[in-house]
Amino acid sequence: MRTFFHSRFRASHLDGGIESLLTPIEKLLVGPLSHQYVNFEAAHDSFQRGNGVFQDQAFSIPADHIDCQLVGNFELKDRVEEVRKSTWAAVCAKRPASFDGSLLRMASYRVEGGRLSIAASRTRFSAYVATRHPAFASEHPHEDRADPLGLTAIVLTADGKVIITKRSLLADQNPGGLYLIGGYAEPGESDGPVDIFNEIAREVEEEIAVGDVPRSEAVAIGLAYDPVFCHPELFLQMPSKSTAADILSGADAAPDRNEASELLFYSVDDLLDDNGPHKYAALTWSFIKARKFLQLHLR
């Protein structure tokens, strides 16, 4: 991924206070949404208040059946814009190399006729930092979040393994936590279609130097809302033509390889087994969700 704080923010379910957020969410019914639009400005704030309006969405949609249309720029309201400026100034004072990159904001989505349609606009990383904390909804009940679209790739190797990354000990969040591969979708300079497959394929190549995922075999398997660093996240199964050994031998050439301190390879059965090798590990939210969506997808 293109780094902003030199790492992506995730939260372990073992961190203090986080487990209490995840427990009710994990109990939500996971099911497909058909013939309905979901607007995140209304949906996820209600969800965080506990009434379950925005639930996980499980589906199996080929990457070529994902349509994303980019229109315009998202702007924070005056009060929150001042928060963004002060928050970002503090960030830059602590980390002068921080980059306020452009991100793809998901405004709404629809699942219909075997296709996933996403309406999007541009936002910035600084807007995400200012609006991502769970308390934002209560602090600014009438304001919208930045809501960049996160992407998680479940990369399956040619010999039946799943690539697991262990986050760098230098990561700002969850050092040493188990993760998969991912980043944030980025908008183009001009309005129009955005190729979501290209966005997630770029992340895979940047993090582990794998560029042989066939578009025709990539499948979106779920959409959920991260309640810890608040934003929507799309999960995709991405089969590679390379073996685990091939990937391990070539991963050091990846430009963002330092985001992970270690690459691990689990069998699908081990990944899905509650008593598998990850049983006592610190797990990121996206790792937990990926397991659930993959289990539903493979039924």
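Modeller: Let's start with a term: helices (H or I, at least four residues) and strands (E, at least two) are DSSP runs, numbered from the N terminus. Ala 58, for one, sits in strand S2, residues 57-62. Keep in mind that this is a predicted model, where local features need pLDDT of at least 70 and side-chain atom pairs count only at pLDDT 80 or more, while totals for chains, interfaces and linings use all residues. Residues are numbered from 1 along each chain as its sequence is written, and side-chain values use heavy atoms, with hydrogens and water left out.

Colleague: Why is Ala 58 called buried?

Modeller: The word buried means under 20% relative accessible area, exposed means over 50%, and partly exposed is in between (1.4 Å probe, protein chains only). Ala 58 has 12% relative accessibility, so it counts as buried.

Colleague: On to the rings. Why is the pair of Phe 125 and Tyr 128 called tilted?

Modeller: Rings of Phe, Tyr and Trp (its six-membered ring) pair if their centres lie within 6.5 Å; planes under 30 degrees apart count as stacked, over 60 as edge-to-face and the rest as tilted. The structure holds 5 aromatic pairs. In this one, the centres of Phe 125 and Tyr 128 are 6.2 Å apart and the planes stand at 55 degrees, so the pair is tilted. Both residues belong to helix H4 (residues 125-131), where being 3 residues apart puts about one helical turn between Phe 125 and Tyr 128. Phe 125 has a relative accessible area of 1%, so it is buried, and Tyr 128, with 0%, is buried as well.

Colleague: What makes Tyr 128 and Tyr 184 edge-to-face?

Modeller: Their ring centres are 5.5 Å apart and their planes are at 65 degrees, so Tyr 128 and Tyr 184 are an edge-to-face pair. Tyr 128 is in helix H4 and Tyr 184 in strand S9 (residues 181-184), so the pair ties together parts 56 residues apart in sequence. One aromatic cluster is formed by Trp 88, Phe 125, Tyr 128 and Tyr 184.

Colleague: How do you know that Arg 105 lies over the face of Phe 74?

Modeller: A charge sits over a ring if NZ of Lys or CZ of Arg is within 6 Å of the ring centre and within 35 degrees of the ring normal. Arg 105 is 3.8 Å from the ring centre of Phe 74. The charged end of Arg 167 passes too, 5.9 Å from the centre of the Tyr 179 ring.

Colleague: Why are Arg 84 and Glu 81 called a salt bridge?

Modeller: A salt bridge is a side-chain nitrogen of Lys or Arg within 4 Å of a carboxyl oxygen of Asp or Glu. The closest N and O atoms of Arg 84 and Glu 81 are 2.8 Å apart, so they form one. Both lie in helix H3, 3 residues apart, about one turn of the helix. Arg 84 is buried at 17% relative accessibility, and Glu 81 is buried at 19%. By this rule the count comes to 15 salt bridges.

Colleague: What about Asp 100 and Arg 124: buried or exposed, or in between?

Modeller: Asp 100 has a relative accessible area of 16%, so it is buried, whereas Arg 124, at 40%, is partly exposed. Their side chains meet in a salt bridge (3.4 Å, N to O). That pair links distant parts of the chain, with Asp 100 in the loop between H3 and S4 and Arg 124 in strand S5 (residues 115-124), 24 residues apart.
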